[in-house]
Amino acid sequence: MQDAANLKDYRKQLREALDNEFQRQALDKFAVAYRTSRSNAFAGIDAPELIAEIAAAKDAAVDHLPELFEEFKRHAEAAGTKVHWAATAHDANEIIGAIAKENGVRTVVKSKSMTAEEIHLNDHLEGQGLEVTETDLGEWIIQLRHEGPSHMVMPAIHLSRYQVADLFTEVTHKQQDVDIQKLVKVARRELRPKYCQADMGISGANFAIAATGSIGIITNEGNARLTTTLPRVHVALAGIDKLVPTLHEALRIIKCLPKNATGQAITSYVTWITGAVPAASAKDGKKVHHVVFLDNGRMAMARDPEFKQVLRCIRCGACANVCPIYRLVGGHKYGHVYIGAIGLVATYFFHGREKAKNLVQNCLNCGACKAVCAAGIDLPTLIKEIHARIQDEEGHPLYSKAVGQVLKNRTLFHTMLKSARLAQKPVTGGTPFLRHLPMFLFKDHDFRALPAIADTAFRERWEKIRPRVDKADVKVALFSGCVQDFVYPEQMEAAVAVIASRPGVAMDYPMGQSCCGLPLMMLGEKQAAKELAAHNMNAIDAQGFDYIVTLCASCASYLKHGYKRLFKDDPAMAFKAAQFTDRVIDFSSFVHDVLGMADESFAGPAKDVTYHAPCHLCRGLGVTEAPRKLLRDAGLNYIPAAEEDVCCGFGGSFSVKFPELSRELLRKKIDNLTATGATAMATDCPGCIMQIRGGFEHDGTTFEVRHVAEYLAERLKHK
């Protein structure tokens with residue numbers, strides 16, 4: 001649970017987390033193994049279709065939560081269950097505390113419940129003098145350590161068996177072995193009497209079936225069944241979003257949840273409870289049964305068109321499993337109570353903007369969480385939306401306001417870049433890198449060499465290299481983005497050469513274009529981003545072109561998806577955005593899929609080359625095969641690298657705000673690239689090139705890092 005007051009303090013906490021070598025190694029191993037396990041678990045299943053079905057079912061339920069609650073209550077109370085609605089965390093704690101008091105409860109056993117963590121239920125009950133024992137193995141371990149979970153499904157994943165053995169030695173006053181099976185037996189021996197002695201059992205619920213008044217619980221340990229069976233009082237605490245109409249919707253989730261959470265084919269236990277079941281420990285032989293539904297911001301979310309999709313979440317924790325940042329710092333620094341990308345979003349609604357404001361800035365926008373989400377939640381977009389909302393509520397930082405003012409004014413922005421081109425001369429040392437920056441300007445960023453601004457921007461070269469086409473079959477507008485225009489114009493020149501090798505393709509470079517605007521969204525400057533998007537759509541008249549081609553994966557993904565979102569509430573601009581975005585295509589897809597260029601177009605000696613898959617290409621646009629196929633067609637010996645599609649750590653302004661994390665992600669990427677044995681790498685994103693080339697240059701390692709377009713251009717048969 002991070003509790004930093006500001007970004008500076010939060011960065012300090014992150015640096016401390018980076019020093020936890022065991023945690024990083026454990027999370028790394030799990031992340032790598034998880035990818036394979038998940039893939040195997042979904043073998044033979046149409047995962048996208050299943051996820052779409054879950055999303056549709058949850059959306060339908062969210063639209064009718066009050067009605068589903070009333071239906072559940074009617075059926076559950078007919079079966080002897082008392083049903084409660086708690087508007088806030090305080091209300092839920094008070095209701096459960098009152099149930100305990102009313103029934104003379106002194107001891108409580110709990111099975112795993114993130115909702116109970118959300119409301120800090122243990123603290124409340126212990127404050128009333130009750131003895132509360134967590135019975136999930138991981139939850140019991142962290143309870144004994146007086147800390148929160150570091151993962152929604154595996155709460156103690158951050159700990160080693162040696163730490164657990166030391167903890168159990170302290171608890172039992174007997175030296176314990178580090179063997180995992182023996183440690184599990186210790187937990188079983190210590191916890192088993194607790195079930196028999198407990199007056200009350202508290203559980204969560206994965207589902208609440210409105211049609212029958214039943215709750216369903218999915219677990220991998222038998223503790224939940226003991227918790228809900230043996231004590232004379234059972235209270236189930238569930239978010240109101242756990243309501244579904246029938247068993248059919250729940251079964252879809254059961255089919256997906258274990259596969260997505262841990263890569264298991266099936267879970268160990270699925271428990272269904274309907275009504276006040278028999279209980280030998282109760283005075284009248286029948287269990288006292290309560291279900292408490294928690295709102296705590298959920299109904300406000302359900303009414304929010306942008307954020308209602310958050311209530312689809314099935315609490316699988318997969319968004320943390322694939323998150324590069326979580327792998328580095330763990331859940332205690334990448335969440336408040338809820339962990340991972342969903343936690344960054346939920347914290348704002350459940351625990352307020354003070355707890356969320358630092359967390360939501362710590363997102364690479366790599367899209368890994370969205371790609372793996374069991375309910376299809378667009379987590380990266382929502383995280384950035386919350387960042388923008390918080391700044392609208394609290395005020396925008398001066399630096400981000402200043403960046404917004406500069407970027408949305410193309411003339412000012414480009415004038416500043418041209419001025420910087422002249423000012424950089426003393427620090428380049430005649431190289432394409434900034435060599436002699438004073439350390440106060442380079443603080444925390446000395447893990448990579450930074451590129452210099454090119455002597456001549458692409459826009460200044462365009463008229464000289466522009467191909468003349470008499471009869472055009474295809475009309476193309478080139479979108480460079482700011483980096484390829486002013487830093488890497490040679491990449492744009494290479495693209496022009498490749499496209500021009502096909503007859504009948506007319507290209508234009510509209511001079512009014514500017515930055516795509518993604519950096520502004522990363523900074524939370526949504527209004528400035530909207531103004532910049534409108535500017536670009538005016539600068540490039542989409543109706544005059546068949547395609548808008550860009551070599552930057554980040555630009556392509558943002559132009560194609562981001563512009564539509566920005567203007568979704570403005571019918572006139574939404575129509576214009578649709579015309580614009582429908583024509584946007586990345587360079588590799590255009591060359592491979594539209595122009596149909598293949599091996600007959602290229603010649604050249606064989607050369608080993610590996611590849612880095614930009615996040616916004618492979619996940620943002622779903623493009624995976626085109627660039628690799630082009631490399632092979634060009635006669636290059638493509639050697640796959642480990643974790644090719646894991647982020648390099650650039651993330652635009654992310655690497656400026658969190659250089660420590662950016663550095664570590666870059667180290668992993670360089671190690672994986674080097675391990676291939678190749679000495680050259682291709683990619684489709686200038687930001688990734690800036691990061692990775694800068695890393696190799698900093699290390700003094702000879703390793704060629706170029707855009708796919710450059711490799712294709714130099715191997716054309718007819719230049």
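Strands β6 and β9 (residues 269-274) pair in the antiparallel sense over six bridges, where pairing requires DSSP to find at least two bridges between two strands. Strands (E, at least two residues) and helices (H or I, at least four) are DSSP runs, numbered from the N terminus. Keep in mind that this is a predicted model: local features need pLDDT of at least 70, side-chain atom pairs count only at pLDDT 80 or more, and totals for chains, interfaces and linings use all residues. Residues are numbered from 1 along each chain as its sequence is written, and side-chain values use heavy atoms, with hydrogens and water left out.

**Around β6**

- β5 and β6 make a hairpin with four residues between them, and G213 in the turn has a positive phi of about 70 degrees.

**The six-stranded sheet**

- Now for an open sheet of six strands, paired in parallel in the order β1-β10-β7-β4-β2-β3.
- β1 (81-86) and β3 (131-134) are at the edges with a single partner strand each, so one side of each has no neighbour in the sheet.
- From one strand to the next, the twist averages 20 degrees.
- Within this sheet, β2 (residues 107-110) and β4 (residues 200-203) are parallel and share three bridges; V108 has M200 in β4 as its bridge partner.

**A patch on the surface**

- L247, L251 and W272 form a nonpolar surface patch with about 270 Å² of accessible area together.
- L247 is in helix α12 (residues 247-262) and is partly exposed, at 41% relative accessible area.

**E394 in helix α19**

- E394 belongs to helix α19 (residues 379-394) and is partly exposed, at 37% relative accessibility.
- Leaving aside neighbours within four places in sequence, E394 is in contact with R353, E354 and K357, contact being heavy atoms within 4.5 Å.
- E394 and L294 are 100 residues apart along the chain, and their C-alpha atoms are separated by 28 Å.

Technical notes. Axes fitted to C-alpha atoms, helices over the stretch in contact; angles between N-to-C directions. Patch = residues over 30% accessible without salt bridge, like charges linked within 9 Å, V, L, I, M, F, W, Y side chains within 5 Å. Areas by Shrake-Rupley, 256 points an atom, 1.4 Å probe, with all protein chains shown as cover. Salt bridge = Lys/Arg side-chain N within 4 Å of Asp/Glu carboxyl O. Buried < 20%, exposed > 50% of the residue type's maximum accessible area, 1.4 Å probe, protein only.
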